[in-house]
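Student: Could you walk me through this model, one question at a time?
Tutor: Gladly, let's look at it together.

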Amino acid sequence: MNKYNTILGQLLEGVNRPRFQVLVKKYEADRYYKKITAWNQFVTMIFAVMSNQSGLRSTVNALNREKSSFYHLNLNIDGIKKSTLAYANENRPCEFWEEVFYMVCERAEKVIPEENFSFKNPLYAIDGSTLDLNIDDFEWAEFRTTKSGVKMLVKYDLRKNIPTQCDIKNAKEHENQTLTEMKLYKGDIGVFDRGYFNFETFEKFCKEGILFVTRLKDNTKHETMEEIEVPKRKEFKNILSDEKIKFTSKVGKEKCPSKLRKIVSVDEKTGKKITLLTNIFDMDSSEIAAIYRRRWRIELFFKSIKQNVKIKKFFGQSENAVKTQIWIAMIVYLLFAILTATMKGLSPESRCFTRFLCEIQFSLFRRISILDWLFHKIPDKTDFRDSQPRLPF
């Protein structure tokens, strides 16, 4: 008898089932759904995004062929129906799935080790990405005359390389009005691009002790208060200037009277000048430039999510169905991060989210250790001892 659950079942061990059921009771998520529980819907949608399904019909057909694994996955033995899954996606509140995301995120923050930086401050990249939708099918998300869309606004932990906060809104809402909604606290460093440039937000951050690094807009009027000497060392070779400044425009002076720091550096790859704006004064200019470069990790995150977790094609047209699918896609990313973060000796290729999804879709119902699968090991059928340590959940 094979002692292993399916690979899909082992991956789902990253979800705390007792806490999941607490959320089910909180939202009464199973009250009006006799034929498909919240867990049934969750496992089915996880399977859909991980196996690269084209729609709900192919999802339920493919999943129902694996009924021998339903018991260990706690699925309905009678199978899943397309109509009941579509109904659940349309009507079970997406706020429930949002809380499930934060529940899994809490576990990820506990088990994923931090990268070692030269500073101890929590470091977050903040950015948004628009998901384009067909205006004929998604009228509720209209933001242009010929296009609909929703925007994912994400706070991404650059120390652990995971998203820790996400807001899903209509694409027509401007980004700089949502920056203060991201939960940043005293001592945190927020990194964001010029789309979030806002004088009032800068002043608010300065007063609350929240640190930030962004780019200075070219047309922003300011004057130099003091020039900071740039050391003549190798690590400062791309730093052209370092200054303390204050805004001189009428709006700038009124809304942000605090002194800030302007750093001009050169991008090593493109050779273009980048003008940074920050309220960090106790850190080297080269380190601040490096902090801004790390912001590109959130761009890679958006690329991974949009290309690999089936949110370019949505399985439902209502706002609730769209948000449900996005939240579940984000949970898949967190489960991958939990799985790979503490695996010593794992190759960089195996830590690639794109490669992981491309390969695992053909092995979701194999009954071998997921750790053996990750390390490309063929288990000895006569030896049931674990070749790798247990998963960190």
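Student: How many helices and strands does the secondary structure of the protein come to?
Tutor: First, a word on the source: this is a predicted model, where local features need pLDDT of at least 70, side-chain atom pairs count only at pLDDT 80 or more, and totals for chains, interfaces and linings use all residues. Residues are numbered from 1 along each chain as its sequence is written, and side-chain values use heavy atoms, leaving out hydrogens and water. Helices (H or I, at least four residues) and strands (E, at least two) are DSSP runs, numbered from the N terminus. The protein comes to 14 helices and 10 strands.

Student: What is the radius of gyration of the protein?
Tutor: This radius is taken over C-alpha atoms, and the globule rule is 2.2 Å times the number of residues to the power 0.38. For 393 residues the rule gives 21 Å, and the protein is close to that, so it is as compact as a globular protein of that length; its radius of gyration is 24 Å.

Student: Which residue forms an aromatic pair with Tyr27?
Tutor: Rings of Phe, Tyr and Trp (its six-membered ring) pair if their centres lie within 6.5 Å, with planes under 30 degrees apart stacked, over 60 edge-to-face and the rest tilted. Here the centres are 6.1 Å apart and the planes at 75 degrees, an edge-to-face pair of Tyr27 with Phe96.

Student: Which helices hold Tyr27 and Phe96?
Tutor: The two residues are 69 apart in sequence, so their pair ties together separate parts. Those parts are helix H2 (residues 17-27) for Tyr27 and, for Phe96, helix H7 (residues 94-111).
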